Amino acid sequence: MTFQTYSLFVLSIVMIYSGRVENRLNLLQLQDDIDKLKADFNSSRSDVGDGGPIFTGKLSNWTETNEKRIILSQIVSMYLKILKTTDQSKAHVKNISEELYTLQASLSDDSKKMEYLKNLTELQVNDSTIQRKAVNELFSVLQKLGDTTSSSGRKRRLVQRQCKC
């Protein structure tokens with residue numbers, strides 16, 4: 001898969017999961033801009049394909065739409081960081097950046113969820129106050145976990161019943 005095709009593919013996934021499917025025309029218009037960006041980054045070099053895809057390979061592990069929106073919000077942020085390293089005065093960079101900023105705005109709730117997950121991993125579990133609060137919430141957390149796992153189990157059983165395989 002060429003960089004152009006790969007970029008277009010990732011951008012289309014982001015647009016679909018952000019609810020911007022109606023703007024497919026924008027994606028087609030961006031193809032020329034992506035070609036120019038490809039030239040800017042000299043992405044036709046042979047090492048581009050080494051190691052497989054950066055973003056799309058990870059997306060297959062995320063099955064639910066809401067999960068994908070969370071990870072896609074981070075992918076959009078990464079593209080914006082990459083574009084900040086380029087010449088911002090170029091029209092194609094501006095066009096792609098504008099589209100990504102629009103997508104980022106539509107994914108802002110998902111970005112907040114990702115921020116929450118980051119904060120969760122940084123909790124100081126050795127802090128006795130955190131430990132007391134966590135233990136106090138343990139039963140409620142287990143109840144919610146039970147609700148989500150039994151719900152997904154019901155969904156699986158329903159799909160299995162409906163499938164005439």
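**Helical architecture and local contacts of the predicted model**

Leaving aside neighbours within four places in sequence, Ser73 is in contact (heavy atoms within 4.5 Å) with Leu107, Asp110 and Ser111. The model is a predicted one, in which local features need pLDDT of at least 70 and side-chain atom pairs count only at pLDDT 80 or more, while totals for chains, interfaces and linings use all residues. Residues are numbered from 1 along each chain as its sequence is written, and side-chain values use heavy atoms, with hydrogens and water left out.

Ser73 has its place in helix α4 (residues 65-84). With a relative accessible area of 2%, Ser73 is buried; buried means under 20% relative accessible area, exposed over 50%, and partly exposed in between (1.4 Å probe, protein chains only). A polar atom of the Ser73 side chain lies 2.6 Å from the backbone oxygen of Ile70.

The protein chain has 7 helices and 0 strands, where helices (H or I, at least four residues) and strands (E, at least two) are DSSP runs numbered from the N terminus. Of the 165 residues in the protein chain, 28% are buried. Among contacts with a separation of 6 or more, 69% are accounted for by residues 24 or more positions apart. The accessible surface of the protein chain comes to about 11600 Å², and 56% of this surface belongs to carbon and sulfur atoms; accessible areas come from the Shrake-Rupley method with a 1.4 Å probe, and for residues only the protein chains shown count as cover.

Helix α5 (residues 91-106) has 16 residues, which at 1.5 Å a residue should span 22 Å; the end C-alpha atoms are 23 Å apart, in agreement with that value. The expected span is 1.5 Å times one less than the number of residues in the helix. The buried residues of α5 are His92, Val93, Ile96, Ser97, Glu99, Leu100 and Leu103. Seen down the axis of α5, these residues fall within an arc of 165° and therefore line one face of the helix, the arc being that of the directions from the helix axis to the C-beta atoms. Exposed residues Ala91, Glu98 and Ala105 are carried on the face of α5 turned away from its buried side.

The loop between α6 (108-121) and α7 (128-162) contains Val125. Val125 is exposed, with a relative accessible area of 56%, and touches Ile130 and Gln131 when residues up to four places away in sequence are not counted. Asp127 also lies in the loop between α6 and α7 and is partly exposed, at a relative accessible area of 35%. The Asp127 side chain reaches the backbone nitrogen of Thr129 at 2.7 Å.

Notes
A polar contact is a pair of N or O atoms within 3.5 Å; within protein, one must be able to donate a hydrogen and the other to accept it, and residues adjacent in sequence count only if both atoms are side-chain atoms.
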